[in-house]
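Welcome! Here are a few friendly notes to read alongside the structure. Please keep the viewer open as you go through them.

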Amino acid sequence: MGLKKGRENPLAHVESPQRNAAGLAAPSWNSAGSRNLPASVGFRDSYYKVETSLPFIALTFDDGPHPLNTPRLLDILKKRNIKATFYVVATNARAYPEIMRRIIAEGHEIGNHTVTHSNLTTMSAAGVRKELIDAHESIVATTGVAPRTMRPPYGAITSAQKKWIREEFGYPSILWSVDPEDWKKPGSSVVTSRLVRGASPGGILLVHDIHAPSIDAIPSAVDQILARGYQFVTVTQLLATDGKG
Ligand code: NI
């Protein structure tokens, strides 16, 4: 897709960022330029968030695509021109290739979340490698776009695994800074308030787009986070801000 892959650094001139009403540093470009923000896979083996005071935040959705909930989510995001990152499970990617293509066509990013959604810490290196290769190839086969980051199922991954996965695949392992535990079905308003309360510059929000109540939580959550002055970016866009501003 059209993300800039050059080495130039448009963030370099953001030395004295303006502060907006929420007291957050304002980016020097508007949200309409989101798609042209620089992208990066960062320089660390894994990320829970990135170090920045700029008001960028990443919304990530795991375990889909889901035939009903993911399209409904995409409508919500499209209406607000928000770009997100989808950590898809390859079995679902293969089952719903048209939704995969819609995710990409609408400017979102797709990451590798394995094929069988197993705990990688219990698997051999060969087993982990097969999971990641097969999922990578399924994503490329359905969308034509290679994933650039991975998320380990359950967030379970060892330091050694992070290191060799980074070396072999180029993937940083993407964890999260906010987990509203939406999979426990605490109710949409609880998920909303946990996401809003947890929002911080450089943060990574975890949601599952396979659960209908999680989708119900999104409009209010994103509207409140936007009202606080944040801009939603994809994970590789967020990684490009690491250590900047
Ligand atoms: Ni998952």
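How many helices and strands does the protein chain have?

1. The protein chain has eight helices and seven strands. Please keep in mind that this is a predicted model.

2. Let's take the chain as a whole. Of its 245 residues, 52% count as buried. Among contacts in the protein chain with a separation of 6 or more, 79% are between residues 24 or more positions apart. The accessible surface is about 10200 Å², and carbon and sulfur atoms make up 53% of that area.

3. The largest nonpolar core contains 33 residues, and L59, F61 and F86 have the most contacts inside it. At least two residues of this core come from each of β2 (56–62), α1 (69–79), β3 (85–88), α3 (97–105), α6 (188–198), β6 (204–208) and α7 (212–227). The most is given by α7, with six residues. In soluble globular proteins, nonpolar side chains tend to be buried together.

4. Leaving aside residues up to four places away in sequence, F61 touches L73, L77, A84, T85, F86, Y87, V207, D209 and I218.

5. There is also a second, separate core, made of 16 residues, including Y87, I174, W176 and L238.

6. Finally, the metal. Which residues coordinate the nickel ion? They are D63, through OD, and H113 and H117, each through NE2, at 2.0 to 2.1 Å. Along the sequence, these donor residues follow the spacing D-x49-H-x3-H. Both H113 and H117 are buried.

How values were computed:
Residues numbered from 1 in each chain as written. Predicted model: local features only at pLDDT ≥ 70, side-chain atom pairs only at ≥ 80, totals over all residues. Heavy atoms only, no water. Core = buried A, V, L, I, M, F, W, Y, C linked by side-chain atoms within 4.5 Å. Buried < 20%, exposed > 50% of the residue type's maximum accessible area, 1.4 Å probe, protein only. Helix = DSSP H or I, 4+ residues; strand = E, 2+ residues; numbered from the N terminus. Contact = heavy atoms within 4.5 Å. Donors = N, O, S within 2.8 Å, 3.2 Å for Na, K, Ca; no water. Areas by Shrake-Rupley, 256 points an atom, 1.4 Å probe, with all protein chains shown as cover.
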